[in-house]
Amino acid sequence: MEILARLQNQANQIKQIHLRDLLSQRERNQVCTANFENILFDYSHSKVCQTTLDLLGEYAISTGLFDKIRAMYEGQHINTTENRAVLHVLLRAQESQHPQFPEVLQIRERIKDFAGKVRNGEILGVTGKPLFNILCIGIGGSYLGPEFVAEALKTEPNCMRESIGRNLRFLANVDPVDFLRATHELDPEETLVVIISKTFTTAETMMNARKATAWLTSHITSHPSEKVIEHHVCAVSSNLQKTKEFGIQDERVFGFWDWVGGRYSVTSAVGLVPLYLHYGPQIDLFLQGANSIDRLFLEKANLNQWKENIPLLMGLLGWWNTQFLEYSSRAVLPYSQALVRFAAHIQQLDMESNGKQCKKDGTPVEVSGPIVFGEPGTNGQHSFYQLMHQGRIVQSEFIGFCQSHSSDSEAHNELMSNFFAQPDALALGKTTEELRKENCPDALVPHKMFKGDRPSFSLLFPALTVNACGQLLALYEHRVAVEGFLWDLNSFDQFGVELGKTLATKVKQAIASETFEGHPSENLLLHYINHR
Ligand SMILES: O=P(O)(O)OC[C@H]1O[C@H](O)[C@H](O)[C@@H](O)[C@@H]1O
């Protein structure tokens with residue numbers, strides 16, 4: 001029988017076996033783990049057994065998954081619709097034969113040198129003040145990843161020390177309110193604006209960039225505006241022509257390459273410029289962490305070792321859950337307030353990569369990437385976990401840390417007790433018999449029972465160090481790639497974001513001329529004009 005049919009058979013069978021029963025098999029549970037540098041990946045709470053794993057491995061081989069992974073690292077143009085390589089792994093490589101690697105190192109060194117000089121006061125604002133504030137302007141991939149990392153490291157003890165007296169702000173939304181919030185109480189004389197845009201044409205970013213330069217030059221009037229921009233603005237982009245046109249000197253522009261996709265650009269200058277400016281050389285460890293997972297992912301992409309390859313397992317399980325068990329949504333649940341912006345980054349990474357309608361060859365797909373959402377625990381428990389326990393079945397991904405950034409071990413234990421309890425509650429549920437034993441009134445039994453059988457996996461790290469933050473990033477980048485490879489999608493383009501942008505331009509013209517007759521949104525537009 002064809003492998004896909006056998007997987008389908010296996011899915012039909014395992015759907016009949018409650019997770020309670022799967023979890024009662026201690027030997028099975030012990031097999032359902034992988035460990036790398038003391039990161040424990042435990043997928044015993046997923047709907048898989050030994051046979052499922054064997055079939056998933058067989059499918060991975062038959063579909064050329066390992067070759068696809070190697071092709072990515074080799075720089076083959078796997079982003080076929082844009083004819084580009086996908087080489088974000090090169091950005092954190094320690095060594096490489098790739099012809100562009102010297103350039104990668106050179107930019108990295110330039111960023112570190114520039115950041116070091118800003119931090120030690122060698123580079124000052126135009127009026128001679130230190131540049132304590134970094135205002136990053138960018139959106140989508142030029143914003144979400146850097147913000148997740150900046151937040152994750154805010155309370156990491158070394159980073160906390162390195163960033164005393166400094167401010168790192170992000171401005172993404174074209175909503176003028178975001179501008180007000182991002183610049184609130186910032187002294188322009190002490191502010192360095194970093195304009196981050198791969199294309200340097202994104203409407204929101206360009207509008208905010210123009211506003212920010214106007215904000216700087218209107219406040220700092222002691223010097224000509226070109227001088228103010230020269231001292232207070234730098235850029236990250238792969239479009240050096242556009243940065244020049246904007247008036248930014250080349251030595252203040254940190255480039256990257258078309259083989260770095262926006263949502264995969266955290267370890268390019270997109271993330272490195274803000275992060276080195278704010279946290280200093282600590283960020284070396286972030287790159288090392290990402291690199292350690294890159295090596296794991298590549299080195300164990302083979303027949304004998306794939307069960308030790310955590311990102312590959314995460315991808316296989318995600319694909320299995322979505323394609324065969326038909327769970328259409330996924331919750332990313334870090335038990336760490338420091339990861340407050342992690343889910344936002346993963347939403348873009350996952351949904352922009354794998355939310356696709358056709359395969360690489362253009363044939364339509366019925367199922368592709370799931371809906372992704374998330375929130376740190378325990379906050380999420382008091383919000384949407386109700387649905388996860390008694391409503392729809394959501395593939396849940398728990399991320400926890402043995403040690404906290406804080407020395408309050410009592411509160412950390414409290415947090416982590418929830419991290420351990422929730423996957424059990426989802427999987428085991430609570431039966432009517434159990435409720436009756438507790439003398440639950442009959443009328444309440446249907447409301448209080450939990451069917452259970454809801455799958456999850458858990459990633460347990462020793463601590464949210466700078467290194468671990470890089471590891472976490474790379475784990476998710478590669479799991480998304482694996483799922484895309486299994487579906488045979490191009491996970492590296494994003495044509496689905498274009499139509500809305502085009503229509504917005506037309507609406508802007510309609511608003512300017514106040515002509516909406518026959519417009520599909522005529523009702524709303526008229527209301528807007530009348531009430532603005
Ligand atoms: O970095 P930029 O060129 O400004 O692009 C910013 C973002 O906008 C686009 O619309 C895409 O949806 C994202 O993938 C991209 O990261």
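Visitor: How do you know whether the span of helix α21 agrees with 1.5 Å a residue?

Guide: Helix α21 covers residues 466–487, and its 22 residues should span 32 Å. The expected span of a helix is 1.5 Å times one less than its number of residues. The end C-alpha atoms of α21 are 33 Å apart, which agrees. Helices here are DSSP runs of H or I with at least four residues, strands are runs of E with at least two, and both are numbered from the N terminus.

Visitor: What kind of model is this, and how are its residues numbered?

Guide: This is a predicted model, in which local features need pLDDT of at least 70 and side-chain atom pairs count only at pLDDT 80 or more, while totals for chains, interfaces and linings use all residues. Residues are numbered from 1 along each chain as its sequence is written, and side-chain values use heavy atoms, with hydrogens and water left out.

Visitor: What makes α21 mostly covered?

Guide: Of its 22 residues, 21 are buried. Buried means under 20% relative accessible area, exposed means over 50%, and partly exposed lies in between (1.4 Å probe, protein chains only). Just after α21 comes Asp488, with a positive phi of about 65 degrees.

Visitor: What makes the peptide bond from Gly377 to Thr378 cis or trans?

Guide: Its omega is near 5 degrees, and the bond is cis. Thr378 belongs to the loop between β9 and α17 (385–390).

Visitor: What about Glu37: buried, partly exposed or exposed?

Guide: Glu37 has a relative accessible area of 48%, so it is partly exposed. Glu37 lies in the loop between β1 and β2, and its phi is near 45 degrees, a positive value in a residue other than glycine.

Visitor: What makes β1 and β9 edge strands?

Guide: Six strands form an open sheet with mixed pairing, in the order β1-β2-β11-β10-β8-β9. Two strands pair if DSSP finds at least two bridges between them. Both β1 (33–36) and β9 (371–374) pair on one side only, and these are the edge strands. The twist averages 15 degrees from one strand to the next. Angles run from 0 to 180 degrees between N-to-C directions, with axes being lines fitted to C-alpha atoms, for helices over the stretch in contact.

Visitor: How many bridges join β11 to β10, and how many join β11 to β2?

Guide: Seven bridges join β10 to β11, and these strands run parallel; Ser396 stands opposite Ser456 in β11. Three bridges join β2 (residues 39–42) to β11, and here the strands run antiparallel. Leu40 has Leu460 as its bridge partner in β11. Strand β11 (residues 456–463) is mostly covered, with seven of its eight residues buried.

Visitor: How do you know where the buried residues of α1 fall around the helix?

Guide: In α1, Ile3, Leu7, Gln10, Ala11 and Ile14 are buried. Seen down the axis of α1, the buried residues fall within an arc of 105 degrees, so they line one face of the helix. The arc is that of the directions from the helix axis to the C-beta atoms. Those buried residues pack against α2 (19–23), α4 (50–62) and α15 (310–324).

Visitor: Where do the domain bounds come from?

Guide: They come from an automatic or database domain assignment. The assignment gives domain 1 (3–62 + 300–493), domain 2 (88–284) and domain 3 (498–530). The C-alpha centres of domain 1 and domain 3 are 42 Å apart.

Key:
Contact = heavy atoms within 4.5 Å.
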